[in-house]
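I set out to look up a few local features of this structure and to record each one as I found it. The entries are kept in the order in which I made them.

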Amino acid sequence: MPEILRTHTPALFEAAVLRAAEAIRRGTPVALPTETVYGLAANALDPEAVRRIYVAKNRPSENPLIVHVAGLPMAQACSREWPSLAGRLAGAFWPGPLTLVVPRASEIPDLTTAGGDTVGLRWPSHPFIQAVINACGFPLAAPSANPANAISPTTARHVAESLGDRVALIVDGGACQVGIESTVVEVSDRGWRILRPGMIHEEALQDVTGQAACRETCPPPANRPVASPGLQPRHYAPRARLITLRWSDDASLVGAMEAQGLDPATTHVLAYHSVPSPHTASRICVIPDDPEAYARAMYAEWHRSDTLGARAILLEAPPDHPAWSGIRDRIRRATTPAA
Ligand code: TXA
Ligand code: MG
């Protein structure tokens, strides 16, 4: 099993930074905490180290990696052009859960960007990954630290359970504060558009840029057939069948479960508003009803249901409010039937 390093005292934190930076300099990917989800990090400028990430995750090589930086100068060094909109968005949301897709610098290897002409850049706010980037002095490519198509990990234990021996070293930086992956935004001089929704939502981006997102009516910043491979309809799914429903009381929930052919003995319910009685399903979990707290808890609850052997997870449908758009996106992808 992988070695897990703790970071809850200053001495442990410092020791873990040195160990992680040393392994990464040797070309070994290390699982690190970020504020969104845990990432599997390697030197973004070293194709051999980056190749090891793809192998460990069993990730298709056409899916580009996000490059994590510590500071604006490092971000600008990774990009060929730094559009003024990128500067505005970075000024408002970095360090934080926002990835900016911009033209890539020639120093970034093909493997990191999956051969594309753009690079996704993020300055994460978690102090541990910032300290490791600073110790290394180079940017870190880091996808979520899970096998391809599984749910992203929000604790060190999730990483150990899903990647197992495919990772040698995991740094435990606590449960992730944001809980779902960053918002990915493509930016150019012509405009911006969301490639992957997240907790920084469209209205917030529009406030900062002072312009609406590019849609069919205005040309997209780059003309690529597949804007972002991570936009495949099905992604991030738990093993249990995930079903979204609304119910008003116990009777309507029980009726809906019957109609879906669900056995209450193997079904878990995740509710934030209409909390059913304990006897209606094998586990009833109450998850907070504000979007930030919900996002923080969501993947952990899906992981827990999988660990406990649930066959189905019944989710109370989330509100139709912009602040929930990242959450709705992840639920939609996880509930889309496999092609
Ligand atoms: O919060 C996050 O973004 C986490 C943490 C570890 O930073 N990382 C993450 O990475 O979610 P990953 O590899 O699981 O998802 C990256 C997404 C994918 O959908 C990928 O296709 C997209 O970002 N992406 C990365 N670079 C891109 C690029 N140059 N153009 C378009 N999409 C890109
Ligand atoms: Mg991922």
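**Conventions.** I worked from a predicted model, in which local features need pLDDT of at least 70 and side-chain atom pairs count only at pLDDT 80 or more, while totals for chains, interfaces and linings use all residues. Residues are numbered from 1 along each chain as its sequence is written, chains are lettered from A and ligands numbered from 1 in the order in which they are written, and side-chain values use heavy atoms, with hydrogens and water left out.

**Helix H4.** I took helices (H or I, at least four residues) and strands (E, at least two) as DSSP runs, numbered from the N terminus. Buried here means under 20% relative accessible area, exposed over 50%, and partly exposed in between, with a 1.4 Å probe and protein chains only. In H4 (residues 84-93) I found Leu85, Ala86, Leu89, Ala90 and Phe93 buried. They lie on the same side of H4, because they cover an arc of only 130 degrees around the axis (the arc of the directions from the helix axis to the C-beta atoms). I noted the general rule that an α-helix has 3.6 residues a turn, so residues three or four places apart point the same way. The face turned away from the buried side carries the exposed residues Ser84 and Gly91. The buried residues of H4 pack against helix H3 (72-77), strands S5 (98-103), S9 (183-188) and S10 (191-196), and helix H8 (202-209); contact means heavy atoms within 4.5 Å.

**Strand S6.** I next checked S6 (residues 118-122), which is largely enclosed by the rest of the structure because five of its five residues are buried. Thr118, Gly120 and Arg122 are buried on one side, and Val119 and Leu121 on the other. Two strands pair if DSSP finds at least two bridges between them. S4 (residues 66-68) pairs with S6 in the parallel sense over three bridges, and His68 stands opposite Arg122. S5 and S6 run antiparallel and are joined by four bridges; Leu100 has Leu121 as its bridge partner.

**Four-stranded sheet.** I traced an open sheet with the order S11-S14-S12-S13 and parallel pairing. Its edge strands are S11 (241-245) and S13, each pairing on one side only. S12 and S14 pair over four bridges, and His268 has Ile313 in S14 as its bridge partner.

**Aromatic pairs.** Rings of Phe, Tyr and Trp (its six-membered ring) pair if their centres lie within 6.5 Å; planes under 30 degrees apart count as stacked, over 60 as edge-to-face and the rest as tilted. Trp82 lies in the loop between H3 and H4 and Trp94 in the loop between H4 and S5, so the pair ties together parts 12 residues apart in sequence. I also looked up Tyr272, Tyr294 and Trp324, which form one aromatic cluster. Tyr272 is buried at 13% relative accessible area, as is Trp324 at 4%.

**Asn146.** Which side-chain contact does Asn146 make with the backbone oxygen of Ala150? A polar atom of the Asn146 side chain lies 3.2 Å from that oxygen. Asn146 lies in the loop between S7 (140-141) and H7 (156-163), and counts as buried at 2% relative accessibility.

Technical notes: Polar contact = N/O pair within 3.5 Å; in protein donor to acceptor, adjacent residues only side chain to side chain.
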